[in-house]
Amino acid sequence: MAEEIVVVFDFDRTLIEDDSDSWVVTQMGLTALFNQLRSTLPWNSLMDRMMSELHSQGKTVDDITECLNRTPLHPNVISAIKSARALGCDLKILSDANQFFIEKILDHHGLLGCFSQIITNPSFVDGEGKLRIFPFHDLSSPPHGCHLCPANLCKGLVIEQIRAENRGKRFIYLGDGSGDFCLSLKLGEGDYVMPRKDYSLWNCIGRNPDLVKAEVHEWSNGDELGKVLLYLINKISSEEIIKKSSQCKVSSTQEAHPQTLTVPH
């Protein structure tokens with residue numbers, strides 16, 4: 001019954017151990033320029049500027065890819081993702097990273113094919129061979145109106161659309177940051193949210209427990225993430241089997257004892 005489960009992952013500091021943007025900035029020697037410009041540009045524009053700097057230094061997208069391939073990813077997270085997919089879960093990523101970084105990291109670890117959808121800030125390599133990064137929501141248009149989320153991406157709006165496309169399915173969301181709190185508020189009873197312990201999402205939920213309808217299961221590291229995720233998948237699957245069994249019994253009883261209509265004389 002895992003086919004009835006949609007598992008949605010945040011990416012940075014959830015699926016991977018580090019933050020992919022910070023990893024590239026640090027590993028490729030951009031920290032000083034990044035810190036100099038940090039207060040002057042929105043985050044996506046700043047990362048786009050960093051990619052322009054790398055291009056001006058003669059660094060290629062292959063160099064960026066090689067850097068991304070060294071991003072730490074816990075082996076138990078890899079095995080949990082593969083197990084969840086093998087069980088029949090629909091796996092998605094909803095992240096404030098960017099398409100290029102996410103796809104390259106997943107592909108390197110043999111995980112890209114496990115996910116049906118990656119929703120994140122768009123990126124592409126232009127005609128000059130330079131990686132470009134843009135915000136998910138067009139910043140020139142009216143803001144999305146959510147005070148909980150950054151201007152470039154409201155995860156709450158996105159998860160509402162995903163839930164509308166998957167009516168009747170149960171959701172598990174894994175995240176760590178304050179930008180995941182809005183999404184967590186959109187989940188309902190029967191769903192689960194897995195915040196990383198001692199990170200911003202965990203703190204937000206701890207301060208506002210009555211606002212979250214989904215059942216909360218914390219985790220601290222890759223070992224715990226894998227164990228908790230597979231436990232919840234098995235728990236939901238068992239509940240769905242019992243539910244369908246009960247429905248079948250009710251249906252069989254109704255067929256065996258059809259309702260008799262009394263026709264008035």
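How many cavities of 30 Å³ or more does the count come to? The count comes to 1 cavity. Keep in mind that this is a predicted model.

About 30 Å³ of space lies in the largest cavity. Which residues line it? They are M51, L54, H55, K59, V61, I64, G129, K130 and L131. Sort that lining by class, and you get 5 nonpolar, 2 polar and 2 charged residues. Now look at the helices. Helix 3, residues 43-56, and helix 4 each supply at least two residues of this lining. The largest share comes from helix 3, with 3 residues.

The largest pocket has a volume of about 470 Å³. There are 20 residues in its lining, and the closest to the pocket centre are D12, D19, D96, G177 and G179. What does the lining look like by class? The largest pocket is lined by 10 charged, 6 polar and 4 nonpolar residues.

Why do we look for such spaces with a probe? Because rolling a probe the size of a water molecule over the atoms shows where empty space is left.

On to packing. Two packed helices are described by the angle between their axes and the distance between the axes.

Take helix 1 and helix 3. Helix 1 covers residues 20-27. The two axes come within 11 Å and cross at roughly 30°. That angle is under 35 degrees, so helix 1 is roughly parallel to helix 3. Is the crossing left-handed or right-handed? For helix 1 and helix 3, the crossing is left-handed. Who meets whom here? From helix 1 come D21, V24 and V25. They meet W43, M47, M50, M51 and L54 in helix 3. By class, this contact has 7 nonpolar residues, no polar ones and 1 charged residue. Notice M51 and L54 in that contact. Both also line the largest cavity.

Now the second pair, helix 4 and helix 6. Helix 4 runs over residues 61-68, and helix 6 over residues 99-108. Their axes come within 9 Å and cross at roughly 60°. Helix 4 and helix 6 are therefore oblique to each other. Helix 4 passes helix 6 in a right-handed crossing. On the helix 4 side, the contact is made by V61, I64, T65 and L68. On the helix 6 side, F100, F101, K104 and I105 take part. By class, the contact of helix 4 with helix 6 has 6 nonpolar, 1 polar and 1 charged residues. V61 and I64 belong to this contact, and they line the largest cavity too.

Terms used
Residues are numbered from 1 along each chain as its sequence is written. This is a predicted model: local features need pLDDT of at least 70, side-chain atom pairs count only at pLDDT 80 or more; totals for chains, interfaces and linings use all residues. Side-chain values use heavy atoms; hydrogens and water are left out. On a 1 Å grid over the protein atoms alone, a cavity is a set of points where a 1.4 Å probe fits but cannot get out, and a pocket is an open set with protein on both sides within 12 Å along at least five of seven lines; lining residues have an atom within 4 Å of a point. Grid points are joined across faces, edges and corners, and a volume is the space filled by probe spheres set on the points. Ala, Val, Leu, Ile, Met, Phe, Trp, Tyr, Cys and Pro count as nonpolar, Asp, Glu, Lys and Arg as charged, and the others, Gly among them, as polar. Axes are lines fitted to C-alpha atoms, for helices over the stretch in contact, and angles run from 0 to 180 degrees between N-to-C directions. Helices (H or I, at least four residues) and strands (E, at least two) are DSSP runs, numbered from the N terminus. Angles under 35 degrees count as roughly parallel, over 145 as roughly antiparallel, 65 to 115 as roughly perpendicular and the rest as oblique. A crossing is left-handed if the near helix is turned anticlockwise from the far one by less than a right angle, and right-handed if clockwise. Contact means heavy atoms within 4.5 Å.
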